[in-house]
Amino acid sequence: MSTQNKISRKTILDIKKMKKQGEKIAMLTAYDFGMASILDDSDVDILLIGDSLGMVVLGYDSTLPVTMEDMIRHTQAVVRGSSKALVVTDMPFLSYQVSQETAIANAGRFLKEADAQAVKLEGGREYADLVHKMTYAGIPVMGHLGLTPQSVHQMGGYKVQGKNDEAAEKIMQDAKILEEAGAFSLVLECVPEKLAADITAALSIPTIGIGAGVQCDGQVLVVNDMLGIYDRMTPKFVKKYANLNLEIRKAVKSYVQEVKTNAFPDEEHSFK
Ligand code: KIV
């Protein structure tokens, strides 16, 4: 097979270069083939198979029940649906917290079985050694600081993090430690914009914000939120670029009405 015309995906080096060149990074979550192909065609730089999958696709109240098998299956679909974006997948709850051996083996499964290019994990200095070992094993790691939804019970809810000086300094130090450990980029979720700006200036790896202000090197949103599909809750940082929930309801109501009244299928959609 000729590889001459093959469009190659963005790599972690491309993403790191974007920060150096001052080009903003656009990241969105994706969970299935169809949406991944639309996002990829629309020039999204990074597709994240977030464990938000648990809430917006599988209907759980939190990300905690998501399994390795859920993540692998959906990562495979996103990889099949895309050819240009860097594909990063979330390590689900308890897939990396129990032991370093299982963490590396689980992270490796995403590269071996699903063709992901990198993994993301939540947490700071406590995972520095693990991030170092994964990176050394050839598994690129994206860090995730601030609001870390897998620790929702520890944090007492989904709340803005780093609001006082001590908490802000801890997040800043964790960011530096993760960079030092080898993380190639860092998600900052729900932190004050000044803190995110300071971290972005202090690091040479890109920061990708969600509820962290405009000074981050890139932004990420949950695609079902920004398209207005998921309507159970809408955090303050979500901008709805469409209201597909309403559009889908309208389309489905028309369909139901046409079926009930024999208006569908008409001649155009029938065979002679
Ligand atoms: O799970 C997810 O979708 C995420 C993003 C919100 C960063 O971690």
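How far is an oxygen atom of the ligand from an N or O atom in the side chain of Lys120? In this predicted model, in which local features need pLDDT of at least 70, side-chain atom pairs count only at pLDDT 80 or more, and totals for chains, interfaces and linings use all residues, the distance is 2.8 Å. Residues are numbered from 1 along each chain as its sequence is written, and side-chain values use heavy atoms, with hydrogens and water left out.

Two further side chains place an N or O atom by a ligand oxygen: that of Asp51 at 3.0 Å and that of Asp90 at 3.1 Å. Of the 260 Å² that the ligand exposes when taken alone, the protein buries 95% (areas by the Shrake-Rupley method with a 1.4 Å probe). The residues around the ligand, each with a heavy atom within 4 Å of it, include Thr29, Leu48, Gly50, Ser52, His144, Ile210, Val220 and Val222. By class, this shell comprises four nonpolar, four polar and three charged residues; Asp, Glu, Lys and Arg count as charged, and Gly is among the polar ones.

According to an automatic or database assignment, the chain has domain 1 (12–241) and domain 2 (244–272). The C-alpha centres of domain 1 and domain 2 are 39 Å apart.

Two features of the backbone may be noted. Most residues other than glycine have a negative phi, and most peptide bonds are trans. Leu94, which is not a glycine, has a positive phi of about 70°; Leu94 is placed in the loop between strand E3 (86–90) and helix H5 (100–114) (DSSP runs of at least two residues for strands and at least four, H or I, for helices, numbered from the N terminus). Phe264 and Pro265 are joined by a cis peptide bond with omega about 0°, and Pro265 belongs to the segment after helix H11 (244–260).

Terms used
A polar contact is a pair of N or O atoms within 3.5 Å; within protein, one must be able to donate a hydrogen and the other to accept it, and residues adjacent in sequence count only if both atoms are side-chain atoms.
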